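Please look at the sequence and the structure first.

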Number of protein chains: 4
Amino acid sequence: VGAGKVASWLDAGARVIDMSADFRLNDPALYPRWYGREHPAPELLRQAVFGLPELHAGELPDARLVAVPGCHSTAAILGLAPAVAADLVRGDVVVDSKTGVSGAGRSPSLGVQFSEVAESTHAYSIGGHRHSPEVSQELGRLANGRAPRVTLLTHLLPMVRGILASCYFDLASSLAELKEAYEEFYEGQPFTKVVPDSPHTKLASHTNLCLVNVAAQGDKAIVTAAIDNLLKGASGQGVECFNIAFGFDRAEALRGPSQWP
Amino acid sequence: VGAGKVASWLDAGARVIDMSADFRLNDPALYPRWYGREHPAPELLRQAVFGLPELHAGELPDARLVAVPGCHSTAAILGLAPAVAADLVRGDVVVDSKTGVSGAGRSPSLGVQFSEVAESTHAYSIGGHRHSPEVSQELGRLANGRAPRVTLLTHLLPMVRGILASCYFDLASSLAELKEAYEEFYEGQPFTKVVPDSPHTKLASHTNLCLVNVAAQGDKAIVTAAIDNLLKGASGQGVECFNIAFGFDRAEALRGPSQWP
Amino acid sequence: VGAGKVASWLDAGARVIDMSADFRLNDPALYPRWYGREHPAPELLRQAVFGLPELHAGELPDARLVAVPGCHSTAAILGLAPAVAADLVRGDVVVDSKTGVSGAGRSPSLGVQFSEVAESTHAYSIGGHRHSPEVSQELGRLANGRAPRVTLLTHLLPMVRGILASCYFDLASSLAELKEAYEEFYEGQPFTKVVPDSPHTKLASHTNLCLVNVAAQGDKAIVTAAIDNLLKGASGQGVECFNIAFGFDRAEALRGPSQWP
Amino acid sequence: VGAGKVASWLDAGARVIDMSADFRLNDPALYPRWYGREHPAPELLRQAVFGLPELHAGELPDARLVAVPGCHSTAAILGLAPAVAADLVRGDVVVDSKTGVSGAGRSPSLGVQFSEVAESTHAYSIGGHRHSPEVSQELGRLANGRAPRVTLLTHLLPMVRGILASCYFDLASSLAELKEAYEEFYEGQPFTKVVPDSPHTKLASHTNLCLVNVAAQGDKAIVTAAIDNLLKGASGQGVECFNIAFGFDRAEALRGPSQWP
């Protein structure tokens, strides 16, 4: 809807849960590079709360403006946050993110046609995806600024829903210690679950779940995180933020059952 | 067919182009770990030529035994060989490999059913895929033993054909120099082509092509390599090896047109 | 579970809602032809209520044994019932039924593998599908025995869920009269809805809905009926029968939202 | 390109093989109803040869203007021609035609987006598809004007390529006699083959084949015909017509192998 309209709503006393990318980055200096223009209302960026409840639930009840994160960012941050917070990442991080087509929105274009997408996969935004700075920002907060460099490469898959973020980094500890860090970090979380096997994205489809698996090959940690890009990666998380912001049960309207297949 | 049968064929004077994994690894010590048993004919491993023509075309005319590589290995090796050969890789390598379902073969099992695979993706063989040691072996040869450590994680995608290997490593040079190394390495190759954009796997489907794109995010190199796992990743490459081994035109029976969509 | 076990449960006073094909046909003489054997408990067939609530809701509260219909039959019967009941069908009926793969169950077999099913469609059970006699039986009841001959041909489609039954018959009236018959027949039904356009099966997916469109080309009526074969075509309808049989709200546990895409 | 341009090319002495719908119908009176306008060059309709080689190969060498048929028409006509020519059809015909998405062309629109099409099927052009009059015209020629009424309903399937036309009509003979009529009609045809089982469309994909199966349920004949809508249903058939028109081998450039899966 545009930052100007949001500003006028806030002036009128409304609280805003914004699904767009307009207020996700706190640093106005990042907008020209990633969005091609100066931010029109940089003063709002300071008050925006990043709408990822696993990290910011405590700030949401008082938030005037919530910036719900992007779909790739949600999976990548939830896949990496416990390791970064526990300082268990050595060196940099590679996130190979795979998404269904619905992430591209509903506007007709050649690139999302069935005949182009079916029976194929490819990387896109190879030079860098706009969700990258969100990931760096949030991991930086968790690491008190010593966040690892993140390389995020996004891929389009022939499926409608789902994101799988495969995260790679060198272990600064044992795998057991890493797993424990994830278990602790997500203990009691209603939607983000540590699971024993690498998750199938379909297990999260039609739900607000994020399923996270922690593994390793030698001393290379491999964390895979799966969400439904339209729910935990978008409107579901928006509803979750709304529920917390306004004092509803966090799972209100988000209790649909997992279904297979 | 088993190593014993192959040995008897070789004794009888036949030349063998083997599509299985039986003779791909030169070091017999690797078999117990990756294939769960001692190699039954380790003396044959020394004479086996690794059937990747881009690396071993010169040895094929005299080869008695050719071991055609696996599908993930073909994409990964072709995605990394020029960089390794030119010593442009700093540190280790991550290969995030994505495959269509036909790579699993045609035996019925729950994991390859349509209803399980459609609308979903997941990682598998998280602890390490059998194709990993092939990749390390061949990159080691190119690097005179100083090959980078390779982490290979394989993913199943809801498509029939195609592999996309997304390869990540730190640049030991400029991106321009890296691109040049790939252009030179594959100059004149009939099937492996350096392409300007990250390839869609479907562009290689129903052909023996390998399409390679070279890019970077900052100083992290990103190379994506696409093949049809049933052709360049399997029988097509077997035919290519046969053609070279027996003096036919290398593209004989492999000239089918690219088709889209 | 077998008719014998069901009989023992009934003897013990239980009420049984059976999801199998064991008790769907009232006429024991039909079993040898369609199921290859004599029915082991023909006396139970008389008391079995056909579990299609749109036709038999009134009998369910007193039913001891409910035989929930097959997926193809549910779509075909709901697509034809109003026309047959109002005597608006002239001549015979063709039902071209299209199903997703999950209808075949979860046992591994070549025919339901992703690589066989994807990017293809084909007819199966060309000589006649087992669900045919259920359709004829129920339409016969509605027509006081003067039911039209039904040709049912089933097709496998490359999708997981969903059935679309395309029904063709000669109009014995105007199209307007036909539409009115459907509107009246399904008025007040919680799950079966007459819709203005030919339904996309996905609009019914993950719900217990049946969406029915009534149209014509000249004086050939064309009725298309869409369901999720795993819900209205199977377990969802089973729950619906249970709810009615035991006095719960008919939609209990079946209120999940439609989702798109 | 438009009928005017075609006329000028013909005037200049060129021979034209037209892939559009501009010249498929010989009767100018049909254009307003099916294409919404008067035909701009009705005099050309008389000389246009309908480019279905199984019916018109003999006219192609002398043709100045060839109108290659539509994809649904090709499958429907090839599925019905032998029965109509042998006068084995009693009453009218229903053709339930199922197509992959590529038949809609490559222009971006909501209806062909991956997220709309995947995991779903629906009927379209319910009131009548533009390919219907082509089918009636060609069957009428074969029947000396006594062609059966044809109801053609088209469906969109979640696949890229392929058409399956399921044809239903009352048998005016035995099934054996019907099968024999098809075998004779297509004897020696290079691309249209009578096959023993209902064809999977994928068996025809990437080829110029039409696979036809003849079966029955009681005295209702069921003929299923499969093509690749982009080859036998479009450009492949155009090339086939060109080859015949200009004296090349009919299969020139159309010899690509069937591939599975």
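Helices here are DSSP runs of H or I with at least four residues, and they are numbered from the N terminus. The model is predicted, and the helix and strand names below refer to that model.

The relation between the chains comes first. Two copies of a chain are related by a rotation about an axis and a shift along it.

Which surfaces do the copies use to meet? Of the interface residues of chain A, 100% are also interface residues in chain B, so the copies meet through the same surface. Chain A gives 45 residues to the contact and chain B gives 45 residues.

The size of an interface is often given as the accessible area lost when the parts come together. Between chain A and chain B about 3700 Å² is buried, and carbon and sulfur atoms give 54% of that area. On the side of chain A, the residues that lose the most area to chain B are Glu119(A), Ile126(A) and Gln217(A), which together account for 17% of what that side buries.

Polar and charged groups also pair across the interface. There are eight salt bridges between the chains. In one salt bridge, Lys220(A) is joined to Asp92(B), with the closest N and O atoms 2.7 Å apart. Polar contacts across the interface link 36 residue pairs. The elements of chain A that give two or more residues to this side include strand S4 (89–99), helix H6 (114–117), strand S9 (210–217) and strand S10 (220–227). By type, the residues of that side are 18 nonpolar, 16 polar and 11 charged.

Among the buried residues of H9(B) are Gly236(B), Glu240(B), Cys241(B) and Ile244(B). The cover over the buried residues of H9(B) includes strand S1 (16–18), helix H4 (53–56), strand S3 (65–67) and helix H5 (71–85) of chain B. After H9(B) comes Gly247(B), which has a positive phi near 85 degrees.

Conventions
Residues are numbered from 1 along each chain as its sequence is written. Chains are lettered from A and ligands numbered from 1 in the order in which they are written. This is a predicted model: local features need pLDDT of at least 70, side-chain atom pairs count only at pLDDT 80 or more; totals for chains, interfaces and linings use all residues. Side-chain values use heavy atoms; hydrogens and water are left out. Contact means heavy atoms within 4.5 Å. Buried area is the accessible area (1.4 Å probe) that two parts lose on being put together, summed over both. A salt bridge is a side-chain nitrogen of Lys or Arg within 4 Å of a carboxyl oxygen of Asp or Glu. A polar contact is a pair of N or O atoms within 3.5 Å; within protein, one must be able to donate a hydrogen and the other to accept it, and residues adjacent in sequence count only if both atoms are side-chain atoms. Ala, Val, Leu, Ile, Met, Phe, Trp, Tyr, Cys and Pro count as nonpolar, Asp, Glu, Lys and Arg as charged, and the others, Gly among them, as polar. Buried means under 20% relative accessible area, exposed over 50%, partly exposed in between (1.4 Å probe, protein chains only).
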